[in-house]
Amino acid sequence: NFDYWKIFKEKNRINNLIIVSVNEYNTNSFILGSKFILASNCTTLLEAFLLEKLGINFLPYDNKKTHYELPKIISTNCFNRSSLETEIKNRLMKKDYSIKKLSNDEKRILKYTIANFENNSVDEILKVVKTFLIQDESKDKFSFFSSMKMYVLKERVISLINSIFRPDKFLKSKQIYRNQKNPGVNKDEVIKIAEKICKIENIDIKKINIKNLYPGLIKLENNE
């Protein structure tokens, strides 16, 4: 909840703390612009490792079951505040921001978690996309809820039913958190992506037709 951190900053009068909405900028932009990142059990440590940036994993929890294996194997781990401060000071003084070299066991865990770790993800996705063949979009529907309007209606009905028959505070907070992390893609974002693709492919954006085929599946089609 972003409001928690805003209140935290105001209450403690911390002027050098900047709170950025998770959806305002791409996380990778911050990682690439940093010397290293500090996180706790977070998948941003994996992003940093894949971008060849040092990740320091702060784990001041006594219960080892709360230590997530993946961020732990790819990061430099600090288990208390003293070791964290020492690690940061040494890195800054020596200007050593090299990432962790993985052992064979750590590489095995990473490859088990990410199947295409050693391949280009874009190439792997394209292999699958090229097998798609939509001859008649009106007939090629996966289900009754492939219609965007019906899909949205279904989601709202499910939320209403859950609020009545499953008034679980954890379930509700989980839903709020999920919506905050991934509010979906709006029209402006799709147009920006289309513009970038057109620039790369040297295509006039005016000749591109954008269709929302199914919920979460958008088609860019050259009219020529």
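**A chat about the core and the aromatic rings**

Reader: Hi! Which residues make up the largest nonpolar core?

Author: Eight residues: Leu 46, Phe 49, Leu 70, Ile 73, Ile 74, Leu 102, Leu 110 and Ile 114. A nonpolar core here is a set of buried Ala, Val, Leu, Ile, Met, Phe, Trp, Tyr and Cys residues joined through side-chain atoms within 4.5 Å; buried means under 20% relative accessible area, exposed over 50%, and partly exposed in between (1.4 Å probe, protein chains only).

Reader: Which elements give two or more residues to this core?

Author: Helix H3 (44-50) and helix H4 (69-73) do. Helices are DSSP runs of H or I, at least four residues, numbered from the N terminus.

Reader: And what kind of model is this?

Author: A predicted one, where local features need pLDDT of at least 70 and side-chain atom pairs count only at pLDDT 80 or more, while totals for chains, interfaces and linings use all residues. Residues are numbered from 1 along each chain as its sequence is written, and side-chain values use heavy atoms, with hydrogens and water left out.

Reader: Thanks! New topic: how many aromatic pairs are there?

Author: The whole structure has three. Rings of Phe, Tyr and Trp (its six-membered ring) pair if their centres lie within 6.5 Å; planes under 30 degrees apart are stacked, over 60 edge-to-face, the rest tilted. One of the pairs is Tyr 4 with Trp 5, edge-to-face at 4.9 Å centre to centre and 90° between the planes.

Reader: Why is the pair of Trp 5 and Phe 8 edge-to-face?

Author: Because the planes of Trp 5 and Phe 8 are at 70°, with the ring centres 5.7 Å apart. Both residues lie in helix H1 (residues 2-12), about one turn of the helix apart.
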